[in-house]
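Please have the sequence and the structure open as you go.

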Amino acid sequence: RYHLLDRIAFGGMAEIYRAKTFDSSGHAHLVAVKRVLAHLAEDDDFIQMLVDEAKIASILRHGNIARVYEFARAGGEYFIAMEHVDGKDTRTILERCRQKKKPMPPEHAAYVAAEVASALHAAHTAVDSTRRPLRIVHRDVSPSNIIVAEGGTVKLIDFGIAKASAAGMQTQSGTIKGKFGYMAPEYIAGRIDARADLFALGVISHELLTNRPLFTGGDVSRQTPFPAE
C-alpha cells in the first residue's frame, strides 16, 4: 500500500521514509513511514513500545499532534504509517539559528511554545470511551520531536515512550527513556506526571529565546532502581 520515495531520517531504532499511498478513489497522498530496523524486529519490548505509540496516537485527535494511521507488519518488517509533515524539526531550526548567530524571533518562539502547549493539554486531558482519564504523559518533549511545517503548523510527534494509564498501554517499570537535557529532576527520581512535559517545554522555550540549551545531556535509556508507580 505504501510506495517509499526517499529516506528523510535515520536513527538507532528506525528509519523514516516519505511515502505515497492511494485512497479508495485513487488519489495519491503523502505519508511518513517509520520502518523498524532489522535488529529490533525481534525485540518484544521495542515492538510493544511501537504498539503503544499507535494506540495512544489513535486516541489523540488534535491539530498539533501528528496522526498515526496504522501499525503493521509486512514481509517480516514492522512499520508505522503516520502523517507526513513537510517542514523542519525544531532542533534543525535551532542549529540554523546558531549558524546565523541569531536567536529565533521572540514572537516565533512564543508561537511554537503555545502550539506545543496546546498539544500537551490535549494529551494530558484525554479520556477513554468511558470518560476515564488516560493520564498520557509524552516523556520525551524535546526539539527533535517538534516539527514546524512549511505553512507554520506546529506538530508534536513520537509518543513512542509515552506513559498512559489505559489498559494495554504500559511502560516498563524502572526504566528512564528520553533526553537528559529536557528531563525534570522528579522524572529522574522516578516520579512522573504531566508536569514533566511542561518542565521540558519550559526548557525548550528558554533555548528558543536564547539560542543555547539551558542544560546539557544526551539521550538515555537505562534501568533505574525506583519502583513502578
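**How two helices pack**

In this predicted model, α3 and α5 pack with their axes 10 Å apart and at an angle of about 170° (axes are lines fitted to C-alpha atoms over the stretch in contact, and angles run from 0 to 180 degrees between N-to-C directions). Because angles over 145 degrees count as roughly antiparallel, α3 is roughly antiparallel to α5.

**The α3 and α5 contact**
- On the α3 side, residues including Val112, Val116 and Leu120 meet residues of α5, among them Leu201, Leu208 and Leu209 (contact means heavy atoms within 4.5 Å).
- The residues of this contact divide into 12 nonpolar, 2 polar and 1 charged.

**Nonpolar cores**
- The largest nonpolar core has 29 residues, and among those touching the most other members are Leu60, Val112, Ile136 and Phe159 (a core joins buried Ala, Val, Leu, Ile, Met, Phe, Trp, Tyr and Cys residues through side-chain atoms within 4.5 Å).
- α3 gives the most to this core, with 8 residues.
- Val112 touches Ile146, Val148, Val154 and Leu208, leaving aside residues up to four places away in sequence.
- A second, separate core of 14 residues includes Val36, Phe46, Ile47 and Val68.

**The chain overall**
- The chain has 5 helices and 10 strands (DSSP runs, with helices H or I of at least four residues and strands E of at least two).
- Of its 229 residues, 43% count as buried (under 20% relative accessible area, with a 1.4 Å probe and protein chains only).

**Reading notes**
- Residues are numbered from 1 along each chain as its sequence is written, and side-chain values use heavy atoms, without hydrogens and water.
- Local features need pLDDT of at least 70 and side-chain atom pairs count only at pLDDT 80 or more, while totals for chains, interfaces and linings use all residues.

Note on methods: Buried < 20%, exposed > 50% of the residue type's maximum accessible area, 1.4 Å probe, protein only. Parallel < 35°, antiparallel > 145°, perpendicular 65-115°, else oblique. Nonpolar A, V, L, I, M, F, W, Y, C, P; charged D, E, K, R; others polar.
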